[in-house]
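The sequence and the structure are shown first.

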Amino acid sequence: QYIELELKLGNIWEKDKDKRLQLPINSETILSLEFFHQECFFKSGIPLQQFHDIKNFLSQLMESHNTSKNKQFVVENTHMIDLIASEKQRNDKPISGRVSLDIKTQRKMSSIQKQKIADLIIYLPNSLFDLRLTMALELPYELNDNAYQTFKSKVTFEREKERTSFIHSPTFTRIDLTKIRETHNNPNQPQQISKRRPEPKYELELEINTKELLNSIDSLSDDPLYFIDLVQSFLDNGRILARQLSVQI
């Protein structure tokens with residue numbers, strides 16, 4: 001219940017050339033992490049126009065596939081702000097504490113500690129976008145009032161998120177379209193009285209229902225094809241959206 005598997009659209013970006021990676025291949029491939037970390041980074045996000053285009057595309061899919069008896073898509077809208085404080089423990093990966101607040105009420109919606117476990121970097125040569133599959137742990141992070149005040153004093157990063165989620169039940173996939181405004185803070189310096197509102201960026205990501213994925217793994221001996229179909233459909237959803245974004249140009 002604490003595992004997150006997220007497929008994000010963006011570009012594999014070359015550090016030296018400051019442009020999207022171009023490899024002399026014609027088929028989808030997975031990059032070695034050694035090469036990726038040494039030569040590249042993942043630049044997540046999509047342009048505003050394509051953000052609107054893909055939202056319209058998903059809305060049309062929902063209208064054509066939803067019936068009164070069978071709703072394949074469910075839509076959720078949220079507007080929250082994440083308060084994030086990161087710390088790196090000795091000989092370990094960085095751990096991020098995150099408290100999510102409802103933007104209107106300022107009520108705490110969730111408190112977690114997030115730790116990245118692994119990445120899979122997928123290069124799509126015939127698309128304008130690539131994919132990054134990330135596995136992370138999102139562990140409950142309970143805070144009483146005093147601990148919450150201490151946490152707020154250590155916040156280095158704030159992320160305001162306006163999100164529309166399309167939940168596709170047949171493939172156990174959640175598709176998040178998010179408008180994001182990010183603000184970096186320095187806990188050691190007082191906040192300025194006026195803070196310039198940052199420019200938004202736009203992200204598209206998919207999450208698989210990890211409970212169903214683990215159920216399919218438990219059932220491998222009885223039904224090995226279900227696990228394959230579940231993983232295949234999740235990755236295909238990412239490929240379809242990347243392809244659709246490329247068509248919109």
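A nonpolar core is here a set of buried Ala, Val, Leu, Ile, Met, Phe, Trp, Tyr and Cys residues that are joined through side-chain atoms within 4.5 Å, and buried means under 20% relative accessible area. The coordinates discussed below belong to a predicted model.

**Nonpolar cores**

The largest nonpolar core has 28 residues, of which Leu9, Ile46, Ile54, Leu204 and Leu241 touch the most other members. Two or more residues are given to this core by each of strand E1 (3-14), helix H2 (48-65), strand E8 (130-140), strand E10 (173-184), strand E11 (201-208) and H5. The most is given by H5, with 6 residues. Apart from its neighbours within four places in sequence, Ile46 has contacts with Phe51, Ile54, Phe129, Tyr202, Leu204 and Leu245. There is also a second, separate core, which has 9 residues and includes Leu83, Val99, Leu101 and Phe151. As a general background to both descriptions, nonpolar side chains tend to be buried together in soluble globular proteins.

**Helix packing**

Two packed helices are described by the angle between their axes and the distance between the axes. Helix H4 (residues 210-218) packs against helix H5 (residues 224-247) at an angle of about 150°, and their axes are 8 Å apart. Because angles over 145 degrees count as roughly antiparallel, H4 is roughly antiparallel to H5. The crossing in which H4 passes H5 is left-handed. On the side of H4 the contact is made by Glu212, Leu213, Ser216 and Ile217, while H5 contributes Tyr226, Phe227, Leu230 and Val231. Sorted by class, the residues in this contact of H4 with H5 are 6 nonpolar, 1 polar and 1 charged.

H5 also packs with H2, where the axes come within 10 Å and cross at roughly 125°. H2 and H5 are therefore oblique to each other, and their crossing is right-handed. Gln50, Ile54, Phe57 and Leu58 of H2 make this contact together with Leu241, Gln244 and Leu245 of H5. The contact of H2 with H5 has 5 nonpolar, 2 polar and no charged residues. Two of the residues named here, Ile54 and Leu241, are also listed among those that touch the most other members of the largest nonpolar core.

**Individual residues**

The table collects the relative accessibility of selected residues and the class that goes with each value.

| Residue | Relative accessibility | Class |
|---|---|---|
| Arg163 | 16% | buried |
| Gln72 | 19% | buried |
| Phe172 | 28% | partly exposed |
| Ser110 | 29% | partly exposed |
| Lys152 | 37% | partly exposed |
| Asp18 | 56% | exposed |

Arg163 is located in strand E9, and, with its neighbours within four places in sequence left aside, Arg163 is in contact with Glu76, Asn77, Thr78, Asp176, Leu177, Thr178 and Glu205. The C-alpha atom of Arg163 is separated by 9.9 Å from that of Leu204, although these residues are 41 residues apart along the chain.

Gln72 has its place in the loop between H2 and strand E5 (73-88). Because buried means under 20% relative accessible area, Gln72 counts as buried at 19%. Leaving aside its neighbours within four places in sequence, Gln72 touches His65, Asn66, Ile167, His168, Ser169 and Pro170.

Ser110 lies in strand E7 (residues 108-123), where its contacts, again leaving aside neighbours within four places in sequence, are with Arg98, Val99 and Ser100. Of these, Val99 is also included in the second core. Ser110 and Phe57 are 53 residues apart along the chain, and their C-alpha atoms are separated by 31 Å. Lys152 belongs to helix H3 (residues 145-153), and a separation of 37 Å is found between the C-alpha atoms of Lys152 and Ala242, which are 90 residues apart along the chain.

**Backbone phi values**

Most residues other than glycine have a negative phi.

Methods. Residues numbered from 1 in each chain as written. Predicted model: local features only at pLDDT ≥ 70, side-chain atom pairs only at ≥ 80, totals over all residues. Heavy atoms only, no water. Axes fitted to C-alpha atoms, helices over the stretch in contact; angles between N-to-C directions. Helix = DSSP H or I, 4+ residues; strand = E, 2+ residues; numbered from the N terminus. Parallel < 35°, antiparallel > 145°, perpendicular 65-115°, else oblique. Left-handed = near helix turned anticlockwise from the far one by under 90°. Contact = heavy atoms within 4.5 Å. Nonpolar A, V, L, I, M, F, W, Y, C, P; charged D, E, K, R; others polar. Buried < 20%, exposed > 50% of the residue type's maximum accessible area, 1.4 Å probe, protein only.
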